[in-house]
Amino acid sequence: MAAIFQGVGAAAALSSLPSNSFDSKNFLFSPRRSFSVRKAPSFVVVRSDGTMNLDLNPKCRRAQQFIANAVATKEDSSAASSFSKPGNELLLFEALREGLEEEMERDPRVCVMGEDVGHYGGSYKVTKGLATKFGDLRVLDTPIAENSFTGMGIGAAMTGLRPVVEGMNMGFLLLAFNQISNNCGMLHYTSGGQFTIPIVIRGPGGVGRQLGAEHSQRLESYFQSIPGIQMVACSTPYNAKGLMKAAIRSENPVILFEHVLLYNLKERIPDEDYICNLEEAEVVRPGEHVTILTYSRMRYHVMQAAKTLVNKGYDPEVIDIRSLKPFDLYTIGNSVKKTHRVLIVEECMRTGGIGASLTAAITENFHDYLDAPIICLSSQDVPTPYAGTLEEWTVVQPAQIVAAVEQLCQ
């Protein structure tokens, strides 16, 4: 896409680095006390279909294959044949860890940095065990200084490494907004193509269970206007691993949004190596009457509402857009041409959110195919309350989705 810059000279230089340029295992340090102390989270297993289970034993039924269309390239994806083996059942945070670990084994330039990512294993245990396996130089614990270690990661990417920077909470990355905006997103352009910035910035965000306003941030709307930044949001263990691996291999800076309430989702994923297209949406449920566009946690609110809608005689098509920048207008457009009605469901704020940008893109490109105005359901423009009942009121609920579809299809 035009918004994402592709490097030539610097990319070729990076690819020529020897795979055995260094081995950080020879530099293992004794575990040191973390710079910050956080309580380890506990997990209740929730399967991708919405059912709950307290048993962590990885034996479950095979997951349903996803349906998707290519947008950036038409080359065959390995995901098409990814279910030829039984695979393993993993929680979403374990799938992220597996993808990260596989890329660190494949490419010695991949490294991790952030608060408590080392021997503590990360606040949500995404990096658990990686410091012991790869050493303290490749899994670097940092002080609580987001602007500093994010800038350090960008500099490391400029010099040939492929850093993965973890924000303990996405809201904390606002402290690094200058580095992400003026450096990460623009250096490829301002250097005249001399540098590529193959960095992944990831971490938990979204409205959790009474985490308060500062820990319930949704930064998609903040970062979407930065030129040169690519944004994706995972929603299942399968696409979490695939998007993690694809983001690490990309020559572009990628922000990977993970929802704090989805880490305990459980799904069977294939044993074979696979990646997900960073610019591709996923058709979760084919339908004929209305196109529902969503992403991240709201995917499950939409699917819950879809069951009610089917019982009422409606046939909604549900699309997890996954790529927040750029949008997969190929998949979205084909759906709009079929259903002629669009409902957008997001957890982002209404003003200046992803839904607003998506509404503009659909109106601009597919206005003639619409039989009704686009409806966008978003979170309210208020700080997220601490009280659980009030917190729930600020986020879109399944009943609101059902009512909006009924209004669209009148």
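The legends below describe close-up views of a predicted model.

**View 1. Helices α2 and α8 pack against each other with a right-handed crossing.**
Helix α2 spans residues 92-106 and helix α8 spans residues 237-249; their axes come within 8 Å and cross at roughly 30 degrees. Angles under 35 degrees count as roughly parallel, and α2 and α8 are therefore roughly parallel to each other. On the α2 side, the contact is made by Leu92, Ala95, Leu96, Glu98, Gly99, Leu100, Glu102, Glu103 and Arg106. These residues meet Pro237, Ala240, Lys241, Met244, Lys245, Ile248 and Arg249 of α8. Sorted by class, the contact of α2 with α8 holds eight nonpolar, one polar and seven charged residues.

**View 2. The open sheet has seven strands with mixed pairing.**
The strand order is β6-β5-β7-β8-β10-β9-β15. At the edges lie β6 (139-141) and β15 (323-325), each of which pairs on one side only. From one strand to the next, the twist averages 20 degrees. Strand β9 (residues 230-233) pairs with β15 in the antiparallel sense, over two bridges. Val232 has Ser323 in β15 as its bridge partner. Helix α4 packs on the sheet, where it touches β5 (110-114), β6, β7 (162-166) and β8. The direction of α4 makes about 165 degrees with that of β7.

**View 3. Buried residues of helix α5 pack against helices and strands.**
In α5 (residues 177-184), the buried residues are Gln179, Ile180, Ser181 and Cys184. The helices that these buried residues pack against are α4 (146-158), α6 (187-190) and α7 (220-223). The strands they pack against are β8 (200-205) and β10 (254-259). Both β8 and β10 belong to the seven-stranded sheet of View 2, and α4 is the helix that packs on that sheet.

**View 4. Strand β11 is largely enclosed by the rest of the structure.**
Five of the five residues of β11 (residues 265-269) are buried, so the strand is largely enclosed. In a regular strand the side chains alternate between the two faces of the sheet. For β11, one side carries Leu265, Glu267 and Ile269, the other Lys266 and Arg268, and both faces are covered.

**View 5. Strands β4 and β11 run antiparallel.**
Strand β4 (residues 88-91) is joined to β11 by four bridges. Within this pair, Glu89 stands opposite Arg268 of β11.

Methods: Residues are numbered from 1 along each chain as its sequence is written. This is a predicted model: local features need pLDDT of at least 70, side-chain atom pairs count only at pLDDT 80 or more; totals for chains, interfaces and linings use all residues. Side-chain values use heavy atoms; hydrogens and water are left out. Axes are lines fitted to C-alpha atoms, for helices over the stretch in contact, and angles run from 0 to 180 degrees between N-to-C directions. Angles under 35 degrees count as roughly parallel, over 145 as roughly antiparallel, 65 to 115 as roughly perpendicular and the rest as oblique. A crossing is left-handed if the near helix is turned anticlockwise from the far one by less than a right angle, and right-handed if clockwise. Contact means heavy atoms within 4.5 Å. Ala, Val, Leu, Ile, Met, Phe, Trp, Tyr, Cys and Pro count as nonpolar, Asp, Glu, Lys and Arg as charged, and the others, Gly among them, as polar. Buried means under 20% relative accessible area, exposed over 50%, partly exposed in between (1.4 Å probe, protein chains only). Two strands pair if DSSP finds at least two bridges between them.
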